[in-house]
Amino acid sequence: MSADPSPSQPRVGVWLIGARGSVATTVVAGCAAMTAGLHPPTGMVTETDLFHGAGLPALSSLVFGGHDTVDCPLPKRAEALAAGGVLPHSLPSAVAAELAAADREIRPGGPAPGDTRDSTGLIETFTADLRDFLHRHRLARAVVVNVASTEPAPTGSELPASSLYAAAALRAGCPYVNFTPSTGLHHPALQDLAVSRGLPFAGRDGKTGQTLLRSVLGPMFTQRALSVRAWSGTNLLGGGDGAALSDPAAAAAKNAGKERVLADTLDTVPEGDVHIDDVPALGDWKTAWDHIAFDGFLGTRMILQTTWQGCDSALAAPLVLDLARLLARAHEAGLSGPLGELGFYFKDPLGDGPAALGEQYAQLARFAERLRAPAPSEPRGLPGEGR
Ligand SMILES: NC(=O)c1ccc[n+]([C@@H]2O[C@H](COP(=O)([O-])OP(=O)(O)OC[C@H]3O[C@@H](n4cnc5c(N)ncnc54)[C@H](O)[C@@H]3O)[C@@H](O)[C@H]2O)c1
């Protein structure tokens, strides 16, 4: 459905925090592949009829850049993903120019080992990088999307890295998406700034596999008046995400979202935990197993087991592209604050919207309707100017 941008269609930036990671690389390669007509937009909800006429930026109008703390070139990262079967074998060479172009727009992130800059210095550098990106490419706007490694929840008052980037996004006048469970804009020190900047934001933690399934099955048990006694889950995954989540503190941040969906869709909180095991040999392939013990009529005991075997980055990348387009359009339409209507995309959505996928989809349809309303006239000047 995505049409080529007309010559007058403004270009839109997508600034990825964690720009050299698996998800980010799949986003850049995937967008180029769809734009070139090499692959259909499977998995992209914004390419379905739901968003017809909603004024979303065309995929071909997106310009990529970002921050990362490692320096592996994006084309090389794409080759590694192709070797692991995450990307189609021939894709890195077919979209080599687009990968190289995005690679040139990746700036050093932080804090890096031995970094002498304090929080203020890092925020200033990140903000300057964003403003430079907006101005050099004469972008109408840029959406900042956090796809960096999951951090443990902060314990003190110091801003974690994800919040430094979120603060920079606000300062540069950019809409913000937190696709991870990290703190990002959730830090108390950023709450006032988030509201006063008048920017739209969305999060947290993309809902791609086990939690997606839970948000469908939880309501099913409730609607059929079946009584769930225990719901236990185990995840086996490798890749950078598996390594990051082998830290129990980072895994705790992730598991909180997976468990919240059960508390929100079932009448009771069932027994059971979620475990994440790092299995490097699996690479980007995740196996998520859920074991659900429930009672039926006359107390008859039954079990449902589900096994989800997904390729994490292939599940996440279309959602990241959807969210970048939605936030860009929301910004253009003058929407601001937390976009709770985008709960469809997240494990731990902002606000107190529904947790059941069906209701979240209905809410997304209403959001699409809001976007179809005519946009207010563009403010003069480029985003981030004079702030
Ligand atoms: N299905 C999914 O893949 C899925 C779903 C929901 C959320 N997520 C989240 O998306 C994130 C990315 O996943 P991935 O598989 O691409 O992980 P990855 O390890 O491949 O990539 C993460 C990238 O972040 C970079 N990074 C780490 N600290 C940084 C910092 N301070 N500044 C800038 N960059 C930094 C790393 O160098 C790396 O390149 C994770 O937090 C993951 O939990 C993924």
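1. The centres of domain 1 and domain 2, taken over C-alpha atoms, are separated by 26 Å. Domain 1 covers 12-206 + 314-372 and domain 2 covers 210-312; these bounds come from an automatic or database domain assignment. Residues are numbered from 1 along each chain as its sequence is written. The model is predicted: local features need pLDDT of at least 70, side-chain atom pairs count only at pLDDT 80 or more, and totals for chains, interfaces and linings use all residues.

2. Between the domains, 21 residues of domain 1 are in contact with 27 residues of domain 2 (contact: C-beta atoms, placed from the backbone, within 7 Å). On the domain 1 side, α11 and α12 (357-372) each supply at least two residues, and α11 gives the most, with three residues. By class, that side has ten nonpolar, seven polar and four charged residues. Here Ala, Val, Leu, Ile, Met, Phe, Trp, Tyr, Cys and Pro count as nonpolar, Asp, Glu, Lys and Arg as charged, and the others, Gly among them, as polar.

3. The largest nonpolar core has 90 residues, of which A142, V143, V145 and V320 touch the most other members. Such a core is a set of buried Ala, Val, Leu, Ile, Met, Phe, Trp, Tyr and Cys residues joined through C-beta atoms within 7 Å. Buried means 20 or more other C-beta atoms within 10 Å of the residue's own, C-beta atoms being placed from the backbone. Helix α11 (residues 312-332) gives the most to this core, with 13 residues. Both domain 1 and domain 2 give residues to this core, so it lies between them. A second, separate core of nine residues includes L217, V228, V261 and A355.

4. An open sheet is formed by seven strands in the order β3-β2-β1-β4-β5-β6-β11, with parallel pairing. β3 (106-108) and β11 (337-338) stand at the edges with a single partner strand each, so one side of each has no neighbour in the sheet. Strands pair if DSSP finds at least two bridges between them; strands (E, at least two residues) and helices (H or I, at least four) are DSSP runs, numbered from the N terminus. Two bridges join β6 (residues 200-203) to β11, and F201 stands opposite P338 in β11.

5. In helix α5 (residues 119-136), the buried residues include L122, I123, F126 and L130. Their cover includes β1 (12-17), β2 (62-68), β3, β4 (141-146) and α6 (161-171). After α5 comes R138, with a positive phi near 50°.

Key:
Buried ≥ 20, exposed ≤ 12 C-beta atoms within 10 Å, placed from the backbone. Contact = placed C-beta atoms within 7 Å.
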